[in-house]
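Reader: Hi, I'm new to this one. Can you walk me through the backbone?
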There are 2 protein chains.
Amino acid sequence: MLLLDQTRLPHEIKIEPQKSVTQVWESIRQLKVRGAPAIGIAAAYGLLVDLDPAAFADRDAIVQEIANRAEYLETARPTAVNLAWALNRMRNRLHQSASNPASVRASLLQEARLIHAEDRQICQAIAEQGLHLIKPGMNILTHCNAGALAVSELGTALAPLYLARKKGISFHVYVDETRPLLQGSRLTAWELDQSGIDVTLICDNMAAYVMSQGKVDLIITGTDRVAANGDVANKIGTLGLAILARHFKLPLYIACPSSSIDLDMQTGEEIEIEQRDPDEVRGFAGVRAAPENINVLNPAFDVTPANLVTGILTEKGLLTPPYGPQLADLCK
Amino acid sequence: MLLLDQTRLPHEIKIEPQKSVTQVWESIRQLKVRGAPAIGIAAAYGLLVDLDPAAFADRDAIVQEIANRAEYLETARPTAVNLAWALNRMRNRLHQSASNPASVRASLLQEARLIHAEDRQICQAIAEQGLHLIKPGMNILTHCNAGALAVSELGTALAPLYLARKKGISFHVYVDETRPLLQGSRLTAWELDQSGIDVTLICDNMAAYVMSQGKVDLIITGTDRVAANGDVANKIGTLGLAILARHFKLPLYIACPSSSIDLDMQTGEEIEIEQRDPDEVRGFAGVRAAPENINVLNPAFDVTPANLVTGILTEKGLLTPPYGPQLADLCK
């Protein structure tokens with residue numbers, strides 16, 4: 001299994017072979033692989049890294065090992081539901097799987113490939129469902145990275161943009177840099193620019209200014225988990241954007257593959273928010289800007305209440321409020 | 001004239017002797033000295049750097065040189081009105097000044113010292129006028145740096161906090177890091193922490209999260225220019241905070257010495273917003289994070305409309321809406 005180390009972008013394109021399940025856990029934890037769907041896919045394949053069927057006496061032994069690995073990988077990051085979702089699919093397959101270690105492994109590899117292939121189709125479907133939102137000459141604002149680097153191929157939030165571009169529609173994208181780990185400047189600005197889309201990078205605190213100048217027509221982001229009522233957990237800063245969007249009467253869309261919907265969470269209040277290393281806020285890339293040991297809060301996500309979300313863009317269509325019944329239908 | 005190079009804080013305390021008016025211009029431009037009142041004071045003293053009265057034939061020659069310097073220094077940064085305000089005071093004194101080069105210089109040095117001394121008194125008065133806002137146990141959010149490093153001694157926005165601390169009131173301050181130049185993490189977190197105040201540093205995009213958790217009771221910032229109607233130009237990100245404050249029904253106060261009021265600007269729309277070097281946004285403390293040459297917007301300030309401001313805290317009292325008549329009175 002090979003992973004592109006996203007922490008090194010855009011300066012270096014480094015492909016890291018994953019040699020152990022511990023390494024996969026660390027890669028997810030350190031955001032070398034990131035983006036809700038990509039985490040799920042990495043975890044699915046990650047269950048099988050360095051797993052030699054010949055080393056197991058019988059079916060039960062390999063099933064136990066894979067179950068242990070699934071439990072372990074699930075702890076790498078708490079907020080994106082896709083991680084648990086993909087591992088649960090692998091677990092279901094595990095319990096249905098065949099009679100000897102080699103066929104157990106083969107069966108699970110097939111399931112991981114299926115998750116990966118479905119993800120590609122879902123991104124394409126999100127692109128098609130959201131294409132009508134992207135109008136010629138529009139200014140679009142996005143936050144963090146929900147593009148090709150977060151998922152397969154087209155991404156989620158950026159999928160309609162890539163499809164629009166392919167169809168010859170011209171538009172312009174403001175990209176929030178997305179502190180502390182700068183996924184916006186490092187990843188989104190990079191991948192949009194590479195694909196020839198007109199990009200302007202701003203600091204997170206400039207979004208209100210840009211909106212106040214009438215320079216934003218639409219905001220679109222991804223999500224890490226959508227609760228049953230439509231509350232949206234996404235990268236820290238999304239809630240602020242949603243409040244600004246409401247103030248300036250701008251539409252805010254959340255691109256959400258159905259694997260990111262978690263009907264077990266009644267509302268966003270139940271979603272666990274990952275708190276990360278304070279040093280991420282004290283500096284960047286090893287350069288410290290703040291006093292040593294200064295007290296820091298570093299929530300990786302926030303929750304945007306459903307009433308601030310104009311629409312949830314899924315692979316099966318664009319949902320508008322009230323979200324509850326439609327989200328439930330979608331997961332049937 | 002000595003300046004503390006604020007761009008090197010908190011890692012290094014470097015005092016730079018200012019040896020030419022060009023160097024002073026660069027120091028203001030590069031934010032080695034920053035904060036609206038401090039820029040005014042630095043410019044006032046800066047007029048006299050390396051100015052030897054013996055080098056001038058007569059009064060008219062030195063007056064012309066100082067007038068030229070004033071015109072030049074005024075171009076260092078456009079948004080903070082205090083720069084023009086202080087230089088105008090120096091110009092007025094210049095025209096009233098005495099008969100020979102040495103006495104012209106002495107007279108202007110006296111005026112610069114007066115501006116500096118008045119500033120100290122104004123900060124003390126702002127502290128006293130704002131003290132009642134700071135209640136025990138409060139959580140206060142501030143943005144950028146309007147503290148001791150921006151002004152003399154107590155600062156403006158931080159002045160009531162320092163006075164409250166001195167009076168034994170305990171409270172906690174969230175400090176926005178304030179991208180791109182990180183005045184919050186480098187300066188505000190540092191100076192509050194040094195003075196024993198309980199501080200938590202956050203990224204700018206975390207303010208909405210912190211407010212949504214009920215962890216903010218009051219927001220206070222400085223300003224670079226207040227228009228006649230009460231619209232407030234301040235560090236980029238202030239407008240966003242003001243919109244969030246309104247959403248969460250939190251009070252937002254702007255600390256404003258009367259030297260920051262500009263009655264010539266009817267509304268904030270007339271205030272020129274400084275656009276700075278794109279590389280400030282492309283990187284973080286000298287580390288590049290974004291693709292080279294990516295398009296960037298880098299406004300140093302934004303304008304918060306008066307209707308989002310709960311109160312303007314001046315050395316003569318706390319103004320509440322409507323601001324127009326009171327601001328006019330204050331400048332009489």
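Predicted model: local features only at pLDDT ≥ 70, side-chain atom pairs only at ≥ 80, totals over all residues.
Author: A term to start with: helices (H or I, at least four residues) and strands (E, at least two) are DSSP runs, numbered from the N terminus.

Reader: OK. What is phi of K249(A) near?
Author: Phi of K249(A) is near 55 degrees. That is a positive value in a residue other than glycine. Most residues other than glycine have a negative phi.

Reader: Is K249(A) buried or exposed?
Author: Exposed. K249(A) has a relative accessible area of 74%, and the cut-off for exposed is over 50%.

Reader: Now chain B. Where does L31(B) lie?
Author: L31(B) sits in the loop between helix 1 (21–29) and helix 2 (36–46) of chain B. Its phi is near 65 degrees, again positive in a residue other than glycine.

Reader: And is L31(B) buried or exposed?
Author: Buried. The relative accessibility of L31(B) is 4%. Buried means under 20%, so L31(B) counts as buried.

Reader: New topic: peptide bonds. What is omega near from R179(A) to P180(A)?
Author: Omega is near 5 degrees there, and the bond from R179(A) to P180(A) is cis. Most peptide bonds are trans.

Reader: Where is P180(A) found?
Author: In chain A, P180(A) is in the loop between strand 4 (172–176) and helix 7 (183–194).

Reader: What about the bond from L9(B) to P10(B)?
Author: That peptide bond is cis, with omega near 0 degrees. P10(B) belongs to the loop between strand 1 (2–4) and strand 2 (15–17) of chain B.

Terms used: Residues numbered from 1 in each chain as written. Chains lettered and ligands numbered in written order. Heavy atoms only, no water. Buried < 20%, exposed > 50% of the residue type's maximum accessible area, 1.4 Å probe, protein only.
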